[in-house]
Amino acid sequence: MEETPPDRLTERRISMHVDAHDDEIWAVLEGEITFFVGEQRCDLGPGDIAFGPRGVPRRHVVRSPESRLLVTSVPTGVAEWFTRNGTPVAFAGELPPSLGLDAAAGLVGAYDLHVVGPPATGG
C-alpha cells in the first residue's frame, strides 16, 4: 500500500497502461479523480474506491487542485518498481523529489507493466 503525497497528484495524468500481474485498488482520500478502467469511467471523490484488474488497461486524471490517493497493488509485484524508482524519506512531512514520469515509463517493462496509450485528458 502506498499513499501518493498531495502535491504529486495535482494535475497528474497517468498514461493508459496494462499490468500483467497486479490488481490495483485505488481509494481517494481527498480531491476528485477520474479513473478509466477498460471502457469504464469512474468519477471518484473522497471515500470512493475503484478496482483495476490485472490485464485490463487503466489510467487516471486528477480533476481537483489537490488530491490524495491510496493505492494497493496485489500481489504487489509492481511495488518493486516503486521501491527502485522512489526516494525514501525520513519524516512524514518530508517530500521526495518529483519522479520524472516520462523517464520512469521506460523502466516499467521489466515488471510486466506496459504503457499502451497516452495520459487521460480533461475530467
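This is a short tour of a predicted model, stop by stop.

**Before you start**

Residues are numbered from 1 along each chain as its sequence is written. In this predicted model, local features need pLDDT of at least 70, side-chain atom pairs count only at pLDDT 80 or more, totals for chains, interfaces and linings use all residues, and side-chain values use heavy atoms, with hydrogens and water left out.

**Whole chain**

Show the protein as a cartoon. It has 3 helices and 9 strands; these are DSSP runs, helices being H or I with at least four residues and strands E with at least two, numbered from the N terminus. The order from the N terminus is β-α-β-β-β-β-β-β-β-α-α-β. Of the 123 residues, 34% count as buried (buried: under 20% relative accessible area; exposed: over 50%; partly exposed: in between; 1.4 Å probe, protein chains only).

**Colour by pLDDT**

pLDDT is the predictor's confidence in each residue, from 0 to 100. The protein averages 77, and 63% of the residues score at least 70. Select helix 1 (residues 6–9): its mean pLDDT of 46 is the lowest among the elements. Now select strand 5 (residues 40–44), which has the highest, 94.

**Strand 3 to strand 7**

Select Arg-58 and Glu-24. They form a salt bridge, with the closest N and O atoms 3.0 Å apart (a side-chain nitrogen of Lys or Arg within 4 Å of a carboxyl oxygen of Asp or Glu). Arg-58 lies in strand 7 (residues 58–62) and Glu-24 in strand 3 (residues 23–30), so the pair ties together parts 34 residues apart in sequence. Arg-58 is buried at 0% relative accessibility. Glu-24 is buried too, at 8%.

**Strand 3 to strand 8**

Move to Glu-30 and Arg-68. Their salt bridge has its closest N and O atoms 3.7 Å apart. Glu-30 is in strand 3 and Arg-68 in strand 8 (residues 68–74), 38 residues apart. Glu-30 is partly exposed at 36%, and Arg-68 is partly exposed at 26%.

Select Arg-41 and Asp-43. Their side chains meet in a salt bridge, 3.0 Å from N to O.

**Rings**

Finish with Trp-26 and Phe-35, both buried. They form a stacked aromatic pair, 4.6 Å centre to centre with 15° between the planes. Rings of Phe, Tyr and Trp (its six-membered ring) pair if their centres lie within 6.5 Å; planes under 30 degrees apart count as stacked, over 60 as edge-to-face and the rest as tilted.
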